[in-house]
Amino acid sequence: MNSPKKYALPTLNNLKIIQSSYGHRISNCTNKKDSKRLIDTRLLSQTQIEQAKLRFIANQEKQKQQQRSLPPILQRKEFHQRSVSVSAPKTHQSKYFYFIGEGNNHQLIKKLLDERENWISVKDPKSKKINFKWQETEKGYEYYTINLKEQAIQMLNHFEFHSEISDKFKLAVNFKSYCDKNRLNIYDYTPTTFAIECTNENLKSELFQFISFYRQNCPQHKLPELDKTIKQYFFSYTTLYDSKVNHYPTLFGNENLWIFKPSNMNQGRGIHVVRSLQDVLDIQNKYQGGYKEKLLEVKRNEQNEIINKVVYLNTLVTEQFVIQKYIEKPLLINDRKFDVRAYILLTTNLQIYFYREGQLRLATEKFDAKVQSNYVHLTNNAIQYTHPEYGKSEEGNQYSFDQAQKLFKKDFRKEILGKIKTISYTAFQTVKHKINKQKRKNCFEIFGMDFIVDEQYSPWLIEVNTNPSLEVTSKLLDQLFPRMVNDAFRITIDLFFPQTEPNYNYPLMNYNDDENLWDSMGYLQS
């Protein structure tokens, strides 16, 4: 065995081997001179062993001292706190690039990013150096290229298959399937809804189910007209249908009202309140041939007066639509119908958050089930904004959650919002295996959840919206939207592209500026 090199520092194990080797050579040595030389070498290696031992002990003690000075390793825990407190780690700064598509107050998104460190706007949406894209829709997003080695890390503000929950037809199908599979009562979440596809071979079966339910719950004074239509179109029906609905009297009144909704529209577009089976059939036929929509847009001055009106003509075509039971006994505010707009954030690891604040959106005209007017029945801000009396009773036809807390006899935040959170979580559970089925990295999305509260203070999920409106029409929204989106960025893009100084310049109500108001509800369960 070769001895160590002259200037090498032997380890403890090597020295033991050397010692053993030298002992073996001495026993076989016959020359006294050689033996003396080897014995001297052996004594020298013994000294080296002792020195190595001392160095080894000293190094061990040094490592222990360093280990005691390190911070403890935290184990991963589920989120149970009321709110999220997030601060971005300090790292060496680099340049980050973003692209923002126009529309839906895109100026707000640009402002939030420009106020962050080293974010630079890019005009070409196909640039490979883009780190973050924000658009109204996912059109043009190439999900299969996310995080390829040849391009920069990129985040997107839409999930590839968000339509599984934001499309009205798919939401109805997924919710029913999930409730049937898990033996849940769908009436605990959403009104009776029928998803109908005109090109589907099951069209007759779907219409059969709808007509059977429709007739079962039709007021007596409307039955003769209904039976006449059924006979005219050779429809069939059954008298044995879902009896659970009898436990939800707020769905029914004397008008038997229903909502007809095309599957892929938002902001109240294409929605009709229907009062008869003939209305349903007529509207459905119009959509198949191309429904001519009149879209009214208005501009207002600082005094909230309408100064300009423009009517657009659009042709809407759809083969998929839903027919949903209208809640005929809604809870009212000052004799007017309202809905609750809440917000959900879903992150790339399917962690779901509920935003602590939102808005109540009021109709402009007083509620009367017999009146045929969208200003009575549809509370979407895009519709109400065109009414001449919009904003005259309350700014923007809106109430905050704090105002709602004072309005109602029941605890709005605890009882109504508590149920809304549960329904929202369940809604996303219905698409847990679909919304990111390709397991794309670095996507997140903010959704707008719309609920109607009935006169028994029970909330009903009406629809889920991708790209919820960020247009500011009141002081409430002027504070709410910047804070909400900025809070979302703090737990999404800021974690991927850290900021030395987090941005807390968006006060909202009485909350601390550095408090994140996205409350985690946990992860979607497998």
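Start with the open sheet of four strands ordered β5-β10-β6-β7, where the pairing is antiparallel. Strands here are DSSP E runs of at least two residues, helices are H or I runs of at least four, and both are numbered from the N terminus; two strands pair if DSSP finds at least two bridges between them. β5 and β7 (272-274) are the edge strands, each pairing on one side only. From one strand to the next, the twist averages 25 degrees.

Before going on, two notes on the model. It is predicted, so local features need pLDDT of at least 70 and side-chain atom pairs count only at pLDDT 80 or more, while totals for chains, interfaces and linings use all residues. Residues are numbered from 1 along each chain as its sequence is written, and side-chain values use heavy atoms, with hydrogens and water left out.

Now zoom in on β5 and β10: five bridges join them, and they run antiparallel. Select Ala 195 and you'll find it opposite Val 322 in β10. Next, bring up α5, which packs on this sheet and touches β5, β6 and β10, its direction making about 120 degrees with that of β5. Angles run from 0 to 180 degrees between N-to-C directions, with axes fitted as lines to C-alpha atoms, for helices over the stretch in contact.

Lys 168, Phe 169, Leu 171, Ala 172, Asn 174, Phe 175, Tyr 178 and Cys 179 are buried, where buried means under 20% relative accessible area, exposed over 50% and partly exposed in between, using a 1.4 Å probe and protein chains only. Among the elements covering them are α4 (163-166), α12 (412-429) and β17 (459-466). At the N-terminal end, Asp 167 is the cap, with a side-chain oxygen 2.9 Å from the backbone nitrogen of Phe 169. Just past the other end, Arg 183 has a positive phi of about 55 degrees.

Next, pick Pro 219, in the loop between α6 and α7 (223-232). Is Pro 219 buried or exposed? Its relative accessibility is 11%, so it counts as buried. Leaving out residues up to four places away in sequence, Pro 219 touches Gly 253, Asn 254, Glu 255 and Asn 256; contact means heavy atoms within 4.5 Å.

Around Leu 360, contacts beyond four places in sequence include Ile 333, Phe 338, Tyr 399 and Phe 412.

Last stop: another open sheet of four strands, ordered β2-β1-β3-β4 with parallel pairing. β2 (119-121) and β4 (155-156) are at the edges with a single partner strand each, so one side of each has no neighbour in the sheet. Three bridges join β1 (residues 96-100) to β2, and Tyr 98 sits opposite Ser 121. Finish with helix α3 (residues 106-114), lying across β1, β2 and β3 (132-134) at about 175 degrees to β1.

Technical notes: A polar contact is a pair of N or O atoms within 3.5 Å; within protein, one must be able to donate a hydrogen and the other to accept it, and residues adjacent in sequence count only if both atoms are side-chain atoms.
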